[in-house]
Amino acid sequence: MVPSLDYDAMALSLKKGIEFYKRNKFAKAYAIFNEVVNKCPCGVAIRTAPCLCKSIVFAIENDELEKALRKRCICSARSDIRCKNVLHTDALDSLTALYEAKGLVDNAMAVAEAMIHLSPRDPRGFLRLGKLLRVKGSHRLAYLTYQRGIELVSKRNPTHELLPVLRKVKAKTKLRALASDPLGALPPELVAMIFENLNFTTLCRCLRVSKSWKAFLTSSDRTIQSLWREQCFRPGIKPVRISALQKYAAYAGRQVTQLHIKSCRGFGLDQARLNWLSVAYKNLNSLSLQEVSCPGAFDTVLLEQLPPKPCFPQLTRLHFGFDTPYSAAFVNGIIKSSANTLQELTLVNLQPRREHSAVWPLLPQLRVLRLGSKGAGSANLAIVHMASFMYVAPNVEEVWVQGITADRSGANFYPNAWPRLKRLTIGPNVSWYQLLNVPNSPIRLSSDLEELYLCDALFVDVLLEWPFLGEDGQDNVFPTPTKLRKFMTPSRLRSTVRPPSFSGFMESWIRPGLESGSLTSLQMGEFPQAFPTWFKSESLTFLSLQELFWSLDPFVLDDYLAKLLAVFPNIETLDISHVPFSNAALGSAIAKGKIKSIYYNGNYAQRAEIVHWAAENHGVSFIREPACQNDIPSPC
């Protein structure tokens, strides 16, 4: 027997149930909502499980909602019956809110689907179902639910008062709905290639994105583990806990190969952590210890207490940056443990006013050596005995020095020292004096040298005039550096040799490379006013003009630039620094030549017009910074 509709009684009961719900008396509220539904003449009762014949969520996802609503129901859900009783829908809506409040999301979704089946033109069913899908994290399905609801309701009831609400929540959900998770959409190999472009700090933050991301990034897959093998710890507020290091090592499958610590104090590098690293990071091949810049005297308090013989037997790269408070015993212990494998060594925090020698075993694999300090002024430089480094590292191919007084004592005993040297960089604050103040070059250069950078060396002519090494290790009076590719001298030579003409040693360095075609990059502090006949090349692609002291006449300078580009017609990068060439001269050079970029210093407003013209018409970029920067490469 179908019950008759007592609308007033049902409304009164529903109001009473809502009051119980607001006071969190869910049991009484549920009983009243259930009673209201059962009093409806349609006979559709409350279910805690969705219809077995058809799924609203599946139909929404596949754009088959109207087809599913027309489909006949053959289970007990009776989902093909429609009801115009608003109180019936109100009771189901209140019951959905009750289930949601109790955390029964699946039950709430079943009731929300029943609401759509019962009254598909009522927006409340779509609002409830969309909200529940958002709670479950299915933002795309929620967006589609709102979209299908708007389409269905608008056909027969375009003025419904809840239709604007449906449109509003749809717009609110759109951004998150369209943002798809790449971990689910892309193959793992492609996702791993994307994560390879992230640094260690960003990779750690990715662990907090979601549970699926964390599970993916901490899986035992070797491709994923390789993402964690390079670890760079930046300065932080608190020291890094050993438990955190254990996790990071586990993520890498206990195969960490590169460790960079940007602040030893911030990392909390004490004896316990170092001992743990020595044991857990046995496969380490790159170790970089640095410290943030801090004023004051050289401080070794932190690492003086560390064990003098840490063991990293597979290191190929060791970097101690500026301001790193290490002790000599600590450094020597690491170098000795990796003497057979070390290929790159950077020690740029040598103590000023102290003597430093290489008291290590032979380093046969060492190819790159960097030595320096932050000292300035001849009295505050670190004193480096070059002969000891030549002895322990005979196969070095690249040398970089800064802030040192290079002592040549004993260098005569190694006439063949560094015969494979290919690249030499002399940074600022480098003195080439012996302790007895006799000027002499501590490095005898090979004629096979390929790159030479002299940034700011005292008595640079002493280095350039010193005889080359011949093939037999003897002095070569007539050097021919035909393999030289890059040559840079400081803005002003501190020697007594000055233009307007090329000095003999400058011709010895530049001419062979120009004539052989090996020289591609040239920077000289002062160019002569008159060119020698050999001063030309079609292989030169980079030219840097630091200063032209012999003239301030803009017409003379513009004419000089035109002559330079005539003898070097294939220049692609031009560094004009502070030289006041006119915009017209630069425009003419751009229009006629192959220039792609111009570096300059000075007022941007004076170059604004030529900058925009060159970019729009010729694709030439103006860069307001120095072109040549020979700093130490950053470890991470």
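Me: Is K84 exposed or buried, by relative accessibility?

Reply: Buried means under 20% relative accessible area, exposed over 50%, and partly exposed in between, with a 1.4 Å probe and protein chains only. K84 has 85% relative accessibility and therefore counts as exposed. This is a predicted model, in which local features need pLDDT of at least 70 and side-chain atom pairs count only at pLDDT 80 or more, while totals for chains, interfaces and linings use all residues. Residues are numbered from 1 along each chain as its sequence is written, and side-chain values use heavy atoms, with hydrogens and water left out.

Me: Where does K84 lie?

Reply: Helices (H or I, at least four residues) and strands (E, at least two) are DSSP runs, numbered from the N terminus. K84 is in the loop between helix 4 (65-70) and helix 5 (86-101). Its C-alpha atom is 9.1 Å from that of C42, a residue 42 places away along the chain.

Me: Which residues is H160 in contact with, leaving aside neighbours within four places in sequence?

Reply: Contact means heavy atoms within 4.5 Å. On that basis H160 is in contact with R121, D122, P123 and V153. H160 belongs to the loop between helix 8 (139-156) and helix 9 (163-178), and its relative accessible area of 19% makes it buried.

Me: How many residues has the largest nonpolar core?

Reply: A nonpolar core is a set of buried Ala, Val, Leu, Ile, Met, Phe, Trp, Tyr and Cys residues joined through side-chain atoms within 4.5 Å. The largest one here has 121 residues, and W418 and F487 are among those with the most contacts inside it. Apart from it lies another core of 48 residues, including M10, L14, V105 and L163. W418 touches, among others, L369, M386, F389 and I443, not counting residues up to four places away in sequence.

Me: What is the strand order in the open sheet of four strands?

Reply: Strands of a sheet pair through backbone hydrogen bonds, either parallel or antiparallel. Two strands pair if DSSP finds at least two bridges between them. The order is 6-8-10-12, with parallel pairing. Strand 6 (355-356) and strand 12 (430-431) are the edge strands, each pairing on one side only. Strand 6 and strand 8 (residues 382-385) are joined by two bridges, and E355 has I383 as its bridge partner in strand 8.

Me: Which strand does strand 9 (residues 398-402) run parallel to?

Reply: Strand 9 runs parallel to strand 11 (residues 423-426), with four bridges between them. W400 stands opposite T425 in strand 11. Strand 11 also pairs in the parallel sense with strand 13 (residues 451-454), over four bridges, and there L424 stands opposite L452.

Me: Which residue forms a salt bridge with R423?

Reply: A salt bridge is a side-chain nitrogen of Lys or Arg within 4 Å of a carboxyl oxygen of Asp or Glu. By this rule the count comes to 20 salt bridges. The partner of R423 is E451, with the closest N and O atoms 3.3 Å apart. The pair links strand 13, which holds E451, to strand 11, which holds R423, 28 residues apart. E451 is buried at 8% relative accessible area, whereas R423 is partly exposed at 27%.

Me: How far apart are the closest N and O atoms of R485 and E451?

Reply: In this salt bridge the closest N and O atoms are 2.5 Å apart. R485 is partly exposed, with a relative accessible area of 30%. Elsewhere, salt bridges that share partners join D93, E100, R128 and K131 into one network.
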